[in-house]
Amino acid sequence: MRRAITVLMAITITLSAYGQLNTIFSKKDDLTSFSSKTTKVVLSDGASIVDMILRDAVKENWTISPFEFATLDEFEEIKCDTNYFFLVKVTDMVDSQDDSAMEFLTLYKGADGGAKFEKNLPEILSLPIQSKDDQSGKIFAFLPSFIKIVQNHVEKVIEKRHSAYIGLSAYTDGTDGAKDKELLFCKEDFGFDITQEMLDEDFNGKAKLVTQEEIEDALASKRAGTLVSLVVTSSSAPIGSECYKMMISTDTQELYMYRRHKITTKKRGGFTKEDYK
């Protein structure tokens, strides 16, 4: 993973209901007005734990533009209004029984063109946050970082047009900035057997196997000079489902690595041996 310390983001709506949501911007100035427009943060009911934590994370960390909270009904009414951007929790699923369904935190731009684009909102960024069947609450500690990552990506797109085209692939070479960082890995985030001795040898003593609680503590305290692991995959991990792997800075809340792979009989969920090289 020395080469792979490279990096990767409320309502629930199905991606299939919106057709192709990953519309690519054709002009750099599509986001130059971002800071002057309001971002609507769409919450499902405002009472769920995820909604409450997301609301607090936005209040404490969203600085790039004005923001307001909205309901699903409000979103449906104004999603074609280009005066708004929308931060929405989306579920990518084939049907309600799909046990490989994943939830994403997605930033959209209000569609220009009315009914023609109603099901084709321009997508700026979509971050995998958890599987639909995840009841662990692991993602709660990461939500403030995700809010920062979304904003960092907007700034990157404004600065460099090509970032809008390659999306999260823009974060696939962060090794240089990670050389002086301490790396904290949850042992369960590996798809193969790993030991502390292996980490000591390969990362010169700068990587540790820790518990999920230690990762959450590092995030909460914004521990300096530290990257923590996050793996997002279905708990049942069926063959053919996606596995997303990230390394996130605890102090600057930046994304230092983003990789994904399809789960096969040979590749389980978690960091693979290819990631580790």
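**Strands and helices in a predicted model**

Mentor: Start with β8, residues 226-233, in this predicted model. Seven of its eight residues are buried, so count it as mostly covered, with buried meaning under 20% relative accessible area.

Trainee: Which way do β8 and β9 run?

Mentor: Antiparallel. Seven bridges join β8 to β9, residues 242-249. Look at V231: it stands opposite K245 in β9.

Trainee: And β6 with β8, parallel or antiparallel?

Mentor: Parallel, with three bridges. β6 covers residues 182-186. L184 stands opposite V228 in β8.

Trainee: What holds paired strands together, anyway?

Mentor: Strands of a sheet pair through backbone hydrogen bonds, in either the parallel or the antiparallel sense.

Trainee: Switching topic. What order do the strands take in the five-stranded open sheet?

Mentor: β2-β1-β3-β4-β5, with mixed pairing.

Trainee: Why is one side of β2 and of β5 left without a neighbour in the sheet?

Mentor: Because β2 (67-70) and β5 (123-131) stand at the edges, and each has a single partner strand. From one strand to the next, the twist averages 25 degrees.

Trainee: How do β4 and β5 pair?

Mentor: Antiparallel, over seven bridges. β4 is residues 102-109. Y108 stands opposite E123 in β5.

Trainee: Which strands does α1 touch?

Mentor: β1 (38-42), β2, β3 (84-92), β4 and β5. Helix α1, residues 49-61, packs on the sheet, and its direction makes about 170 degrees with that of β2.

Trainee: Where does α3 lie?

Mentor: Across β3, β4 and β5. Helix α3 is residues 143-159 and runs at about 160 degrees to β5.

Technical notes:
Residues are numbered from 1 along each chain as its sequence is written. This is a predicted model: local features need pLDDT of at least 70, side-chain atom pairs count only at pLDDT 80 or more; totals for chains, interfaces and linings use all residues. Side-chain values use heavy atoms; hydrogens and water are left out. Two strands pair if DSSP finds at least two bridges between them. Helices (H or I, at least four residues) and strands (E, at least two) are DSSP runs, numbered from the N terminus. Axes are lines fitted to C-alpha atoms, for helices over the stretch in contact, and angles run from 0 to 180 degrees between N-to-C directions. Contact means heavy atoms within 4.5 Å. Buried means under 20% relative accessible area, exposed over 50%, partly exposed in between (1.4 Å probe, protein chains only).
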